[in-house]
Amino acid sequence: DPGEQVVIVAMDESSIHQMGSLPWPRSVHAQLLDKLAEAKVVTFDLIFNTPTDPDQDEALAQAIDKHGRVVLASQFYFEQDDAGETMQVFQPPLAGMMSVAAGLGFVNMPTDPDKVVRRSTLVDVNTFEVPFPSLGLASFIAAADLSPLDIELHNDKLVVGERSIPLNDLNQAMPCFWGSQGTFKT
């Protein structure tokens with residue numbers, strides 16, 4: 001039993017039937033943050049990188065700021081430059097939301113050749129001058145009252161606060177799942 005420290009608020013068939021098809025207006029996410037005001041940390045596994053109605057975008061940015069402990073998702077994508085070199089490009093959330101978020105983490109999860117994710121990439125070291133956390137790690141950092149600057153990357157491990165996580169040479173860790181789908185209250 002993982003307890004109730006982590007609760008998943010899912011966008012499932014039932015919620016889509018009740019609320020309408022995706023994407024939902026950003027004011028819906030802002031209202032959710034109001035309802036989760038007592039949550040220590042709220043993490044959105046959605047990338048708010050495309051502008052929508054300015055009032056909707058502003059409502060969500062204000063709700064993120066008001067809550068004060070919201071972690072947002074970002075991602076990396078790859079494109080070729082004029083010389084044909086592959087470049088990793090960072091895709092953050094909208095600036096107004098990112099500037100008031102408590103944390104930011106990437107959601108990319110590379111698969112093995114058979115299309116199964118067996119390892120979790122915890123930090124990116126290719127884009128920024130400091131290790132950049134995955135969304136899960138960014139959520140832990142916010143919940144533990146740490147800073148992304150507290151990430152220390154060593155040859156074979158990642159140290160964050162008092163936690164030490166073994167890594168392979170690609171900065172990946174074997175996930176330690178609490179249980180099967182449905183283990184956490186949803």
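I began with N171, which counts as buried because its relative accessibility is 13%; buried means under 20% relative accessible area, exposed over 50%, and partly exposed in between, with a 1.4 Å probe and protein chains only. I note that this is a predicted model, in which local features need pLDDT of at least 70 and side-chain atom pairs count only at pLDDT 80 or more, while totals for chains, interfaces and linings use all residues. Residues are numbered from 1 along each chain as its sequence is written, and side-chain values use heavy atoms, with hydrogens and water left out.

**Entry 1: backbone angles**

I placed N171 in the loop between β10 (163-166) and β11 (172-173), where helices (H or I, at least four residues) and strands (E, at least two) are DSSP runs numbered from the N terminus. Its phi is near 60°, a positive value in a residue other than glycine. Most residues other than glycine have a negative phi, and most peptide bonds are trans.

I then looked up K115, in the loop between β4 (103-106) and β5 (120-121), and found a positive phi near 70° there as well. K115 counts as exposed because its relative accessibility is 66%. Just after α5, D145 takes a positive phi of about 55°.

Where does the chain hold a cis peptide bond with omega near -5°? I found it from L22 to P23, and P23 lies in the loop between α1 (13-19) and α2 (26-35).

**Entry 2: R26**

I moved on to R26, which is in helix α2 and is buried, since its relative accessible area is 8%. A polar atom of the R26 side chain lies 2.9 Å from the backbone oxygen of T50. I checked this against the rule for a polar contact: a pair of N or O atoms within 3.5 Å, where within protein one must be able to donate a hydrogen and the other to accept it, and residues adjacent in sequence count only if both atoms are side-chain atoms. Leaving aside residues up to four places away in sequence, R26 touches several others, including F48, T50, D57, L60 and M97; contact means heavy atoms within 4.5 Å.

I looked at L104 in strand β4, which counts as buried because its relative accessibility is 15%. L104 and V71 are 33 residues apart in sequence, yet 5.4 Å apart in space from C-alpha to C-alpha. Among the residues that L104 touches, not counting those up to four places away in sequence, are V71, F90, M98, F132 and A138. A138 belongs to helix α5 (residues 135-143), where L135, L137, A138, S139, I141 and A142 are buried.

I followed strand β8 (residues 151-153) to strand β9 (residues 157-160); they run antiparallel and are joined by 3 bridges, and two strands pair if DSSP finds at least two bridges between them. L153 stands opposite L158 in β9, and a hairpin of 3 residues joins β8 to β9. Next, β9 and β10 also run antiparallel, with 4 bridges between them, and V159 has S164 in β10 as its bridge partner. The hairpin of β9 and β10 has 2 residues between the strands, and there G161 takes a positive phi near 60°.

**Entry 3: salt bridges**

How many salt bridges does a search of the whole structure find? I noted 6, where a salt bridge is a side-chain nitrogen of Lys or Arg within 4 Å of a carboxyl oxygen of Asp or Glu. Side chains of opposite charge can pair when their charged atoms come close.

The side chains of D34 and K66 meet in one, at 3.9 Å from N to O. This pair links distant parts of the chain, with D34 in helix α2 and K66 in helix α3 (residues 54-67), 32 residues apart. D34 counts as partly exposed because its relative accessibility is 43%, whereas K66 counts as exposed at 67%.

D112 meets R118 in a salt bridge at 2.9 Å, N to O, and R119 forms one with D112, the closest N and O atoms being 3.0 Å apart. At 18% relative accessibility D112 counts as buried, while R118 is partly exposed at 35% and R119 is partly exposed at 29%.
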